Amino acid sequence: MTWLVATYEPTALFSLKDSQATSAAGKSLLVPSPYAIKTALIDVAVNWQGVKFAQEVFGWLRVLPVRSSPPRWACVTNAFIKVQRPPKNAEPGNPFKPTVAFREYVQFRGELRLALDISCLGETERQTLTSLLLRLNMLGKRGGFIQWQGSGELPELDISFVTHTGDVRTHLSGVIMHYLDDYGPKMTWDRLSTFTTDKPDRMIVSALIPYRLVRSSKRSTVYERTG
Amino acid sequence: MNTFTVPRSQGTYADTLMALGLGRLLAALGPSEKVTVRLDTARDVLTLTTTQPVMPSAEVRLRLYDYIKTDKDMNGPTDYVYEREKERRQQFFKWREMHRGVRPEDIPEDLIPRSDYSLYSSLVDMLKPVNTSGYATAYRELASERFAGHVQVALEALADHPDSQETSLSERAERGLKKYLKGNRVNEVSVVQIFNPMTGKGMNSPKANSIGMGQEKAPLVLEALKYTGWFIGAVAVTPKGSKDLKVLVAQPTNIEVETLQRIMIEFRQNFVGGGAIQVDILAALTLTETLLRHDEHKTFKRGRPRDLLSGFQTAYFQNLGSAKGVTNISFIALPAWVQLDGDQADEQRRAWMEVLAEHRLVIRGLDESHSEERTLLEKYREFLSGQDTHAFLDFLSDYGPHMLGRADRGKFTRWMTTEHIGRVLNHMGKNNVTSIISDPGFQSVAGAIRRATRTALYARKLGNDRTYDVHYGLAQELKRSAVTKARFMTALSDFVTEYMTENLRAADRGKRGRVAVTTEDLLQVGKLLDEHDPQMVAMLLIAYGYAKEPREDVQEFVETPEENPTALEEQE
């Protein structure tokens, strides 16, 4: 196996709503899901060389296994923010009404690493993927900025990476369980595109995040990486 | 041995409710079973084990939870008649209003309302109307001949089998529904936010191309387990002065489900709420006390109460007028500093109960509607849940001066005692506090601070003795100057100079003097400052200086003599 590993420094608060959560209470994941990472790379491809190029990228990126290694520390802030919500009976020209809803924002300290299994890719695709990762500067909710630090190849991932069901699992002193979503086998460009009504094919994977709860209170929770 | 696992995939109390509900189901299927629920931190799942194979019987239908019958629901089962309980509660409050001052143990038993009333009333409020909600649908469905099928779905979905973990819990339940309840139309219910804090009515579109609102659906039996768990491990509280709702669910670490249920019954009877912050604090303190007290067979001799229950998972539902929306989801941990170490466990248990009672009374004495006291409560909550020594010292160094102000205004005061403060600090893991507080120089200076503040104030208020000044702003001055060692030492020296000058002046007038602060004492404090953070030393000095010594006569009101300064002088 060959993993292409890109390292980033998170420079802003991260938030990515758990796919089980609704807009009424946006609890955040502690790591970007494979679905979010792939979609962010597709977004980079569209902005870099256009839709046709992005469609080509989608063709081989869709099936790549993705793992992430969260930063050493994560502090989740509990907040409630003002959001817009469609009311039961919307007034003409005013489809939303303001209300408040719970949201979580994660402040990371340390390096975030993203790994993609490139064993099945040719040299051109590998170079393209490296270029896309270099240009990736945002994950999760808009404004979740990250700064590229470097990339390299690894034959296998260490215990600081998230393990999915089916991976060889190392016994850690503590983990946080998440259901992460990924592109399903039936995912197509049309299903992904927001300009169509086709429903995306999302596959849920059970993942163990190598984090241990260090401290928790009403306003925040601090996690430390165990791996 | 059969093992079942509930993945903590939501990270909220929804997972715990499901595990507790499953525990109740397993215990009901095998009446002699003692089901233990454990938190497996290596997989982040709640594990439940039974010794006998669990087989649902088609003939035996179990009632997992009470049906709530309201006035609008004419023909519903009468497990829990809501209006009757509501009336009983109102009668109790009327009776209490007419019989003020009656001790709780003297209240007639038949008048006392059920302590779990709020669990039912909150559901009536949140599941409008109850009789058409998923809660009632699941009750009826589980009372039908399809009961065994639903139980099979739950047992298969939650079985601890490596292959079964490859898909999500709801996918596994969906598979079970097709297998056991094919063609049944009512095998899914709407997901309700009071049982699933992060899944309320709202948008959850996988693609950002529409804004449709919707209510998520989930397999009926999985939600029914949460409804069952609600009555085992949940507490619903309306914070004082609000129409909001705070839900707390005890999170198990390693405990029998039946024991947890008994503990929570006892907890609900003892728990007295308050403002939103007070609820968090008092819940953690009361649960710790309940866990210590509950152990009637004294089997719990080593370890911490949080080894049984780690704390409360909470959700705050803010009243938004037409509905209540979630504005906070958090976890409040039980204090890690309460621990028994095997030897003299009974003595330690008694000592910790005293500490917890003191803390509980201190917290209840603060009023959340006053900004200063609210800040104090926030600091205490930070310390309690976060096990943060600095937050505790910050709280203590503000609490003492605040109480001094109250005492000066002739208001009710409750002081913390040095003995209990020391006990907590000595058990708060790795810190340098023990070496500081046991230092004779530190004790001498802290004593001088006490005599210049509390003792002087009470001598003035109660004995009309104006021999010594009350150093009102001393704590603030010491705290402010603790940014560097030099500034702090200057401020402390200034205080000691004034203190000694007052002593000389008193001696000159033939009055009895106070214990002197020696140069050796100051040197020792200087050494402590060289070795430790000046801010920590300053806060500790204030905390100890404003706390009550255990040998002092304990009185709560300033209207009655709190202490006899002369007697104190004699002792010293």
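How many of the 572 residues in chain B are buried, as a percentage? Buried residues account for 57% of chain B. Please keep in mind as you read that this is a predicted model.

**Chain B as a whole**

Let's start with the overall picture. Chain B has 20 helices and 14 strands. If you take the contacts in chain B between residues at least 6 apart in sequence, 72% of them join residues at least 24 apart.

**The second largest pocket**

Of its 46 lining residues, R89(B), F93(B), F271(B), V272(B) and G273(B) come closest to the centre. Several elements of chain B each give at least two residues to this lining: α2 (82–98), α3 (117–126), β8 (234–237), α8 (257–270) and α9 (276–294). Sorted by class, the lining of the second largest pocket contains 20 nonpolar, 12 polar and 14 charged residues. As background, rolling a probe the size of a water molecule over the atoms shows where empty space is left.

**A pair of packed helices**

Two packed helices are described by the angle between their axes and the distance between the axes. In chain B, helix α13 (residues 418–426) and helix α19 (residues 534–545) pack at about 145 degrees, and their axes lie 9 Å apart. On the α13(B) side the contact is made by T418(B), I421(B), G422(B) and L425(B), while α19(B) brings L540(B), A543(B) and Y544(B). Of the residues in this contact between α13(B) and α19(B), 5 are nonpolar, 2 are polar and none is charged. The residues from α13(B) include T418(B), I421(B) and L425(B). An α-helix has 3.6 residues a turn, so residues three or four places apart point the same way.

**A covered helix and a cis bond**

Helix α4 (residues 134–142) of chain B is mostly covered, with 7 of its 9 residues buried. Those buried residues are G134(B), Y135(B), A136(B), A138(B), Y139(B), E141(B) and L142(B). The loop between α3 and α4 of chain B contains P129(B), and the peptide bond from K128(B) to P129(B) is cis, with omega near -15 degrees.

**Individual residues, inside and out**

| Residue | Relative accessible area | Class |
|---|---|---|
| T453(B) | 0% | buried |
| K38(A) | 1% | buried |
| D44(B) | 4% | buried |
| K243(B) | 65% | exposed |

T453(B) sits in helix α15 (residues 440–463) of chain B. Leaving out residues up to four places away in sequence, T453(B) touches L404(B), V470(B), H471(B), L474(B), G545(B) and Y546(B).

Is K38(A) buried or exposed? K38(A) counts as buried because its relative accessibility is 1%, under the 20% cut-off. This lysine belongs to helix α1 (residues 34–49) of chain A. With residues up to four places away in sequence set aside, K38(A) touches L61(A), R62(A), V63(A), L64(A), V66(A), D182(A) and Y183(A).

K243(B) is exposed, at 65% relative accessible area, and is found in the loop between β8 and β9 (245–252) of chain B. Neighbours within four places in sequence aside, K243(B) is in contact with T238(B), N319(B) and K324(B). K243(B) and K324(B) are 81 residues apart in sequence, while their C-alpha atoms are 9.1 Å apart in space.

**Two positive phi angles**

Finally, here are two backbone details to check on your screen. D44(B) is not a glycine, yet has a positive phi of about 55 degrees. D44(B) belongs to the loop between β2 (36–40) and β3 (45–50) of chain B, and is buried at 4% relative accessible area. Q387(B), also a residue other than glycine, has a positive phi near 55 degrees. Q387(B) lies in the loop that joins α11 (371–386) and α12 (389–408) of chain B.

Methods:
Residues are numbered from 1 along each chain as its sequence is written. Chains are lettered from A and ligands numbered from 1 in the order in which they are written. This is a predicted model: local features need pLDDT of at least 70, side-chain atom pairs count only at pLDDT 80 or more; totals for chains, interfaces and linings use all residues. Side-chain values use heavy atoms; hydrogens and water are left out. On a 1 Å grid over the protein atoms alone, a cavity is a set of points where a 1.4 Å probe fits but cannot get out, and a pocket is an open set with protein on both sides within 12 Å along at least five of seven lines; lining residues have an atom within 4 Å of a point. Helices (H or I, at least four residues) and strands (E, at least two) are DSSP runs, numbered from the N terminus. Ala, Val, Leu, Ile, Met, Phe, Trp, Tyr, Cys and Pro count as nonpolar, Asp, Glu, Lys and Arg as charged, and the others, Gly among them, as polar. Buried means under 20% relative accessible area, exposed over 50%, partly exposed in between (1.4 Å probe, protein chains only). Contact means heavy atoms within 4.5 Å. Axes are lines fitted to C-alpha atoms, for helices over the stretch in contact, and angles run from 0 to 180 degrees between N-to-C directions.
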